[in-house]
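Here's a quick briefing on ligand surroundings and helix packing. Have the model open as you read.

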Amino acid sequence: MTKTILITGGAGFIGSHLVRLFVNKYSDYRIVNLDKLTYAGNLENLRDIESASNYIFEKGDIIDSVYIKDLFLKYNFDGVIHLAAESHVDRSIANPMDFIMTNVLGTVNLLNAAKDLWKGKEKGKLFYHVSTDEVYGSLGDKGLFLETTPYDPQSPYSSSKASSDHFVRAYGNTYGLPFVISNCSNNYGPNQFPEKLLPLFINNIRNNESLPVYGDGKFTRDWLYVIDHAIAIDKIYHEGSNGETYNIGGFNEWTNINLIKVLCKQMDIALEKEVGTSEGLITYVRDRPGHDKRYAIDANKLKNELGWEPSLQFEEGLAKTIAWYLDNEEWMDNITTGDYQNYYKEQYR
Ligand code: NAD
Ligand code: DAU
């Protein structure tokens with residue numbers, strides 16, 4: 001093996017696609033996936049690669065500094081790609097402390113372990129922090145987030161991610177830790193936990209349940225297919241420059257309500273229902289407190305410097321996504337019992 005890379009949060013949505021990409025593409029890398037397996041982590045996401053000879057799963061918590069130090073000593077990592085996080089804005093409004101613990105303290109534990117392990121041997125090492133466009137706050141009708149846009153996080157989730165970004169830069173500046181950060185827009189695709197807009201609405205449509213649109217539905221997001229995010233991370237990990245930040249986005253803005261209408265139409269076609277049936281399930285509900293109006297990424301730095309672009313048009317990505325959820329109903333059924341039902345009742349009562 002030429003390198004040992006730690007991927008944190010590899011049993012989650014984006015992490016599982018990234019682990020699969022690295023395990024399949026780099027047979028000479030040893031990939032260690034560290035995940036606590038919270039409600040959002042699911043080893044079913046990785047069944048197809050779990051017995052690959054270059055893949056190891058470690059169940060553990062990034063909040064546990066002693067465990068993390070030991071893990072770094074055990075594997076002598078050359079690189080870290082850090083995705084483990086509490087990732088849902090609504091849950092951060094209900095329980096901010098969980099986000100501070102995992103997203104801030106957990107990140108600092110990883111930084112300390114990397115700093116200590118690599119001290120004096122920084123050449124060829126890299127700490128890659130996977131972050132979000134939400135750190136930049138909310139846009140008006142015009143403009144795009146650039147890498148130089150000042151941070152202005154508005155939710156407990158985005159504040160915790162902004163804080164972790166600052167710590168990563170501080171460790172680069174203070175201790176010479178080699179790092180890169182990427183800030184990505186909204187991802188969609190297979191294996192996303194059905195607390196997020198698209199899988200939640202797909203699940204509700206298949207169960208003929210109402211579709212809870214927050215506020216007036218005129219909030220805007222920039223959507224990117226998850227595998228294109230994983231490809232961007234691969235590119236940045238291997239070709240990005242130390243200390244740099246890269247924005248990743250889909251060049252693909254939608255207001256929620258327009259996106260939901262396209263989803264409803266595609267679901268009607270896939271389920272062989274009369275077009276218009278699913279739209280009838282739309283219900284406007286109480287808005288998310290502090291709801292960010294618009295996110296939109298300028299990903300031209302990544303495009304111009306590293307030659308990355310999204311590979312899929314949105315309609316094609318959405319069709320693939322719908323097909324995956326309808327072909328994997330058992331996956332959805334297994335994670336929407338028990339705790340999920342309690343969460344759903346509490347969030348949407
Ligand atoms: P996710 O919630 O699907 O997965 C998070 C994973 O982290 C889960 O497998 C969970 O078990 C694990 N985890 C949580 N707490 C942990 C802890 N204390 N120790 C170890 N593992 C822990 O999240 P996602 O949507 O795949 O997002 C992954 C990363 O990408 C996050 O850092 C998120 O902020 C960032 N991001 C997400 C999006 C998006 O649209 N989903 C966009 C931009 C950036
Ligand atoms: O921008 C990147 C971020 O995108 C990531 O950092 C986060 O981890 C990820 O969760 C996502 O955050 P959002 O808050 O944008 O995603 P969510 O799917 O929760 O909501 C998308 C939009 O849909 C948002 O405007 C809120 C709205 N919404 C969401 C849900 C769950 C609804 O109208 N109804 C809903 O039931």
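**Ligands and helix packing**

Of the 28 residues around ligand 1, the nearest are Ile14, Asp35, Ser87, Tyr157 and Lys161 (a residue is near a molecule or strand if one of its heavy atoms lies within 4 Å of it). Keep in mind that this is a predicted model, where local features need pLDDT of at least 70 and side-chain atom pairs count only at pLDDT 80 or more, while totals for chains, interfaces and linings use all residues; side-chain values use heavy atoms, with hydrogens and water left out. Residues are numbered from 1 along each chain as its sequence is written, with chains lettered from A and ligands numbered from 1 in the order in which they are written.

**Around ligand 1**

- A polar backbone atom of Ile14 sits 2.8 Å from an oxygen atom of ligand 1 (polar contacts are pairs of N or O atoms within 3.5 Å; within protein, one must be able to donate a hydrogen and the other to accept it, and residues adjacent in sequence count only if both atoms are side-chain atoms).
- For Thr38, a polar backbone atom is 3.0 Å from an oxygen atom of ligand 1.

**Around ligand 2**

- Ligand 2 has 24 residues around it, and Thr132, Asp133, Tyr157, Arg288 and Tyr348 come nearest.
- Asp133 puts a polar side-chain atom 2.5 Å from an oxygen atom of ligand 2.
- For Thr132, a polar side-chain atom is 2.7 Å from an oxygen atom of ligand 2.
- An N or O atom in the side chain of Arg221 lies 2.8 Å from an oxygen atom of ligand 2.

**Tyr348 and the H6/H12 pair**

- Tyr348 belongs to helix H12 (helices, H or I, of at least four residues, and strands, E, of at least two, are DSSP runs numbered from the N terminus).
- Setting aside neighbours within four places in sequence, Tyr348 contacts Glu195, Leu200, Pro212 and Tyr214 (contact means heavy atoms within 4.5 Å).
- Pro212 is 136 residues from Tyr348 in sequence, yet their C-alpha atoms are 7.8 Å apart.
- With Tyr214, Tyr348 makes a side-chain to side-chain polar contact at 3.2 Å.
- Helix H6 (residues 197-206) packs with helix H12 (residues 338-348) at about 100°, their axes 14 Å apart (axes are lines fitted to C-alpha atoms, for helices over the stretch in contact, and angles run from 0 to 180 degrees between N-to-C directions).
- H6 and H12 are therefore roughly perpendicular (angles of 65 to 115 degrees; under 35 is roughly parallel, over 145 roughly antiparallel and the rest oblique).
- Leu200, Asn203 and Asn204 of H6 meet Tyr340, Tyr344 and Tyr348 of H12.

**H4 against H5**

- The axes of helix H4 (residues 96-118) and helix H5 (residues 156-175) come within 9 Å and cross at roughly 15°.
- That makes H4 roughly parallel to H5.
- Among the residues in this contact are Phe99, Val104 and Leu111 in H4, and Tyr157, Lys161 and Phe167 in H5.

**H1 against H7**

- Helix H1 (residues 13-25) and helix H7 (residues 226-239) have axes 9 Å apart and pack at about 55°.
- That makes H1 oblique to H7.
- The contact residues include Ile14, Leu18 and Phe22 in H1, and Ile227, Ile231 and Tyr237 in H7.
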